[in-house]
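Keep the structure open as you read.

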Amino acid sequence: MKARKLKFISLLLVLAMVLAACNSNSDSSSGDGNSDKDAKLDIFSWWTGAGEEDGLNALIELFKEKHPDVEVENAAVAGGAGTNAKAVLASRMQGDDPPATFQVHGGAELNEGWVAAGKMEPLNDLYEEEGWNDKFPQDLIDMVSKDGNIYSVPVNIHRGNVLWYNTKVFEENGIEVPTTFDEWFAAADKLQEAGVTPLALGDKEPWTATQLFETTLLGTLGPDDYNKLFTGELSFKDEKVKQAAETFKKMLSYINEDHSSRNWQDASQLVANGEAAMNVMGDWAKGYFVNDLNLKVKEDFGWAETPETDGEFMVITDTFGLPKGVSNPDDVKKFLSVLGSVEGQDVFNPLKGSIPARTDADVSKYDAYGQETIEEFKQASLVPSLAHGSAAPEGFLTKVNQAVNIFVTQQDVDQFIDSLDQASSELK
Ligand code: GAL
């Protein structure tokens, strides 16, 4: 009898200890500072491989120099534009296992996604402490804010509406850089006759075709009407959207045959080696051209705004925040402080192809493309990218990617417009 009683008491004790341990774990998620000294700082993104990882690696190195005591894990998941990473992140977040910090686009992806779901900590205090409120452009702070709170720190600004071209192919074929759709089609015809693929596309991951379409939409509608599509003020059934779809369709008749088996790097490579003359891609392509393919800015490749988007800037900003429930919030804030510093931005962006999000970065660290883009950003009308999650919530984007993907093979404009219109119910 006595022995059984003792056994029971020791069982209760073990149970009490387990419960205490559980409690201290959950306490650690909400308290100030780090309660779990052994927690790794796992940095989640989709920056792996060619053209993507150099900037992140440089930023992590800088962080390690400044905070050698913090153990960092690069938890990147491969796939352009977060093709795979976004799904992995969603399951981690749903399973209450958030990474210490993760890549998220400013705009709808952050605000209507993770912030609306109550998964992010506000960072107003950090902005205050670091004096960031007048160091980032207000437009950008707005993209990472909801209901008066700031939820992430932008590491960069990428431009989405860039037309890249092979300078030698243009020269050899007497092509002037096209600025209008008519000029673009005239150039494409000339190139096709000369046996060069006019436009490289790699839509193995469908977002690249969505990006080509959104730049066509912007060129056709202009920034005001483009924005109205996502606020519900302009219908996807509008005649101008149809016109953009027709233009997009015509552009698709100039692409490489093997487009569906290539990703964005493989498509950019066609331009780099002269098999294709142009591609439309965000300026992470510049990072790839220069870092991975050793091409020279202006000499080997040139750039222009995509047709009829002169003075317009399709903004894609990669940002990082502090998820609720992490065990090492102090370490995360240390990382965000480095990422948001002039030094952090200036080691990351020259390698990534983007421009610094801060307005006081050191311009001399950027090449001719970067310097030009920094200037243009100041003057341009800014519009959010749909393909990269800023213009509209993820549910809408997923449906648009599907519609675009079907359109690339079937090329049925009416069906495409219907699908876009149906998808727009996700905007309400
Ligand atoms: C974008 C991201 C860029 C770049 C690109 C290709 O969504 O903002 O930083 O990584 O995808 O993967």
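## Around the ligand

A polar contact is a pair of N or O atoms within 3.5 Å; within protein, one must be able to donate a hydrogen and the other to accept it, and residues adjacent in sequence count only if both atoms are side-chain atoms. Glu52 gives an example: an N or O atom of its side chain sits 2.5 Å from an oxygen atom of the ligand. The side chain of Lys352 also has an N or O atom 2.8 Å from a ligand oxygen. Ala81 uses its backbone: an N or O atom there is 2.8 Å from an oxygen atom of the ligand.

## About the model

This is a predicted model: local features need pLDDT of at least 70, side-chain atom pairs count only at pLDDT 80 or more, and totals for chains, interfaces and linings use all residues. Residues are numbered from 1 along each chain as its sequence is written, and side-chain values use heavy atoms, leaving out hydrogens and water.

Helices (H or I, at least four residues) are DSSP runs, numbered from the N terminus. Axes are lines fitted to C-alpha atoms over the stretch in contact, and angles run from 0 to 180 degrees between N-to-C directions.

The axes of helix 2 and helix 14 come within 7 Å and cross at roughly 155 degrees. The two helices are therefore roughly antiparallel (angles over 145 degrees). Contact means heavy atoms within 4.5 Å. Helix 2 brings Asp54, Gly55, Leu56, Ala58, Leu59, Leu62 and Lys66, and helix 14 brings Glu343, Gly344, Val347, Phe348 and Leu351.

## Helix 2 and helix 13

Helix 2 (residues 53–66) packs against helix 13 (residues 329–339) at about 120 degrees, with axes 10 Å apart. This pair is therefore oblique, the class left after under 35 (roughly parallel), over 145 and 65 to 115 degrees. Leu59, Leu62, Phe63 and Lys66 of helix 2 meet Asp331, Lys334, Phe335, Val338 and Leu339 of helix 13.

## Helix 12 and helix 14

Helix 12 (residues 284–292) and helix 14 (residues 342–352) pack at about 80 degrees, their axes 7 Å apart. That makes helix 12 roughly perpendicular to helix 14 (65 to 115 degrees). Trp284, Lys286, Gly287 and Asn291 of helix 12 touch Pro350, Leu351 and Lys352 of helix 14.
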